[in-house]
Amino acid sequence: MADRTKGATSQVGARPPSLGDVSAPPSSFDLEPREAIILKGIAGSPGVAVGPALVLGDVRSSFIRRHVRSSQIPAEFERIKNAVSTAQRTLREVGARMPSAMREASAILDAYQLMLEDPTLHERIHYKLKIERKCAEWAVSEAGEEIVALFDGAAERDVYILERRHDIEFVCDRLLRALVGEDRSRAVRLEEPMIIVARDLSPADTASMVREPALAFVTCVGTRTSHTSIMARALEIPAVVGVADAIDQIRTGNTLVVDGLTGEVFIHPSEEMIRDARQRSEQHLAFARRLLSARHKPCITADGVPIELKANVELPAEAILAVDHGAQGIGLYRTEFLYIDRTTQPGEDEQYEVYRAIVEAVSPQPVTLRTFDIGGDKFASTFQLPAEMNPALGLRAVRLALKQPEVFLVQLRAMVRASAHGDVRIMVPMVTSVHEMREVRRLLGQAIEQVRARGQAYEEHIPLGMMIEVPAAAIMADVFAREAEFFSLGTNDLVQYALAIDRASQPLAAQASPFDPAILRLIKFVTNAGNEHGCPVSLCGAMASDPLAACLLVGLGLRELSMEAAAIPEIKEAVRRLTLQEAESIAQRALACDSADAVEELLARELAPRLIDLLAGLADA
């Protein structure tokens with residue numbers, strides 16, 4: 001019950017898909033009676049769609065593998081050079097056609113343009129061409145496959161590395177398209193509403209379909225945080241990703257039901273299944289619209305206790321979306337994404353402009369800027385991090401910042417300058433010792449002095465807080481409360497470190513539960529310590545996006561939660577349905593449980609009946 005619930009409820013707050021989701025012409029359906037096939041995947045974007053499939057082929061099988069003569073090598077090099085230019089131009093054109101709601105994705109396309117010139121990739125391509133005398137297409141294909149193979153072992157354990165492997169595949173695919181002359185012709189042009197099925201879809205692929213009648217996306221690879229899922233949610237199109245055998249099982253023209261709430265794909269659905277899918281789609285649309293219509297109502301418990309709901313964002317455009325969904329500020333801005341997928345580190349002015357844009361977008365609401373959390377599952381080549389057996393326990397986040405103070409000061413100065421434009425707080429990730437907080441405070445003071453010396457504007461007092469995401473920090477919360485001006489519980493990593501379970505481990509995913517009593521007790525301990533010492537405590541982990549968990553957190557003493565913007569309307573609705581006394585009673589019983597399963601059973605028993613529509617993502621049509 002728990003996994004299914006999380007998959008469904010994490011997306012309900014997204015803008016509802018259009019009514020066209022279920023309006024494909026009946027003539028397109030393969031209505032020949034046959035037994036339905038059910039494929040399982042991951043719910044990537046909410047909604048339910050019915051329609052005929054369009055299966056996209058693989059460009060890697062569309063060229064002839066041939067060797068070239070020495071005299072032909074210069075011409076092949078020139079073809080690759082021209083293909084890079086063509087691919088980059090196409091990406092720029094796609095970005096320029098994006099609607100304003102998708103501008104957040106332009107950074108991904110910009111990164112792809114840079115990756116098309118990656119020296120490592122081109123060194124391998126040149127070797128294949130010059131030494132092995134393979135044609136340009138063959139050289140690009142093999143070079144890409146070899147680089148991707150380097151990620152295989154780590155990708156099984158690391159979601160971030162898995163996504164970077166997909167990025168390399170996308171870039172090589174784009175280069176191959178340009179070489180074989182398919183970069184433009186392969187762009188999907190739909191004559192009627194259809195469901196797109198592919199091994200994977202790059203941001204450029206999905207963005208090129210903005211004005212196409214795509215009913216839904218189904219991909220063989222991907223996760224809830226993969227580019228396909230992100231873009232599908234921006235396009236308000238249902239998507240199921242990670243359907244491993246989609247390409248093998250689905251044929252163009254097959255009738256499909258794509259359930260972006262449960263993560264299921266039905267091939268050859270019966271008439272009854274189609275009727276049920278259409279009803280679920282109508283219910284989901286009604287539900288999503290109702291939540292959005294109430295997004296600006298105050299978030300208070302049934303007995304009038306206010307709870308602040310803020311948003312976690314990565315890109316400036318998301319800040320506008322957060323306000324639109326009723327966020328009371330930005331509880332976490334992940335600045336490390338300024339450093340990823342680029343060849344040089346961002347300068348002070350570049351960072352300042354980004355921070356200022358976010359601050360101005362939500363003013364007068366507060367913005368919490370987290371200093372870069374590089375390392376662990378977030379790799380940035382410009383830092384040249386050492387190889388480590390376990391990066392999650394190595395040089396990362398604040399440890400890396402203090403090892404490279406000159407880089408850290410650039411970021412701090414940009415944050416200090418941004419404070420002149422609104423309510424800015426600075427938060428430090430992965431703190432484990434008092435010494436680290438004192439060093440960060442010293443460097444922040446230095447950054448303020450440098451900004452002052454230039455005569456640049458800034459706010460005199462900028463609150464400095466810290467993430468509580470390792471057991472050491474949680475246990476020492478009473479001590480840290482004298483050093484930090486606020487706490488933010490990062491439950492994603494707290495679960496990983498407290499339970500000694502890799503957060504990306506598929507075999508142990510069910511055991512890495514934020515509902516484990518050990519995690520609940522750590523949360524309660526930190527909340528109590530903060531209250532006793534006047535240090536405000538919030539929570540910014542994925543746990544806050546779950547309606548059952550949000551109600552439990554209120555009972556544990558939290559009065560501020562930060563989450564993905566799309567989840568805010570449903571969490572607000574969940575909080576409004578119970579009193580503080582009810583929440584505290586449930587929390588006390590949860591703390592006495594002996595397992596995560598027992599906690600979830602308690603929550604389901606006490607809360608599911610009154611939150612059933614939120615948990616299913618549906619409402620009575």
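Helices (H or I, at least four residues) and strands (E, at least two) are taken here as DSSP runs, numbered from the N terminus. The structure is a predicted model, in which local features need pLDDT of at least 70 and side-chain atom pairs count only at pLDDT 80 or more, whereas totals for chains, interfaces and linings use all residues. Residues are numbered from 1 along each chain as its sequence is written, and side-chain values use heavy atoms, with hydrogens and water left out.

The protein chain contains 23 helices and 16 strands. A residue is called buried under 20% relative accessible area, exposed over 50%, and partly exposed in between (1.4 Å probe, protein chains only). Of the 621 residues in the protein chain, 58% are buried. Contact denotes heavy atoms within 4.5 Å. Among contacts in the protein chain with a separation of 6 or more, 73% join residues 24 or more positions apart.

Helix α10 (residues 271-293) was examined for length and burial. The expected span of a helix is 1.5 Å times one less than its number of residues. For the 23 residues of α10 this gives 33 Å, which agrees with the 33 Å between the end C-alpha atoms. The buried residues of α10 are Ile274, Ala277, Arg280, Ser281, Gln283, His284, Leu285, Phe287, Ala288, Leu291 and Leu292. An α-helix has 3.6 residues a turn, so residues three or four places apart point the same way. The cover over the buried residues of α10 includes β3 (48-55), β7 (255-259), α21 (568-575) and α23 (596-616). Glutamate 282, also in helix α10, is partly exposed, with 45% relative accessibility. The C-alpha atoms of glutamate 282 and valine 48 are 8.7 Å apart in space, although the two residues are 234 residues apart in sequence.

Helix α19 (residues 517-532) was treated in the same manner. Its 16 residues should span 22 Å, and the end C-alpha atoms are 22 Å apart, in agreement. Within α19, the residues Pro517, Ile519, Leu520, Leu522, Ile523, Val526, Thr527, Ala529 and Gly530 are buried. The N-terminal end of α19 is capped by aspartate 516, a side-chain oxygen of which lies 2.8 Å from the backbone nitrogen of alanine 518. Glycine 534, with a positive phi near 70 degrees, follows α19.

Two packed helices are described by the angle between their axes and the distance between the axes. Axes are lines fitted to C-alpha atoms, for helices over the stretch in contact, and angles run from 0 to 180 degrees between N-to-C directions. Angles under 35 degrees count as roughly parallel, over 145 as roughly antiparallel, 65 to 115 as roughly perpendicular and the rest as oblique. In classing contact residues, Ala, Val, Leu, Ile, Met, Phe, Trp, Tyr, Cys and Pro count as nonpolar, Asp, Glu, Lys and Arg as charged, and the others, Gly among them, as polar.

The axes of helix α11 (residues 316-324) and helix α12 (residues 348-362) cross at roughly 10 degrees and come within 9 Å; the two helices are therefore roughly parallel to each other. Pro316, Ala319, Ile320 and Val323 of α11 make this contact with Val354, Ala357, Ile358, Ala361 and Val362 of α12. The contact comprises nine nonpolar residues, no polar and no charged.

By contrast in angle, helix α20 (residues 547-555) and helix α22 (residues 580-591) pack at about 95 degrees, their axes 7 Å apart, and α20 is thus roughly perpendicular to α22. Here Cys551, Leu552, Val554 and Gly555 in α20 meet Leu580, Ala583, Glu584, Ala587 and Ala590 in α22. These residues divide into seven nonpolar, one polar and one charged.

Individual backbone features were also identified. The peptide bond from serine 363 to proline 364 is cis, with omega near 10 degrees, and proline 364 lies in the loop between α12 and β11. Threonine 371 is found in the loop between β11 (367-370) and α13 (397-403) and is buried, with a relative accessible area of 2%. Neighbours within four places in sequence aside, the contacts of threonine 371 include Thr335, Glu336, Phe408, Met415 and Pro429. Alanine 397, in helix α13, has a positive phi of about 55 degrees although it is not a glycine; alanine 397 is buried, at 0% relative accessibility. Arginine 133, likewise not a glycine, has a positive phi of about 55 degrees. Arginine 133 lies in the loop between α4 (119-130) and α5 (136-155) and is partly exposed, with a relative accessible area of 38%.

Terms used: Polar contact = N/O pair within 3.5 Å; in protein donor to acceptor, adjacent residues only side chain to side chain.
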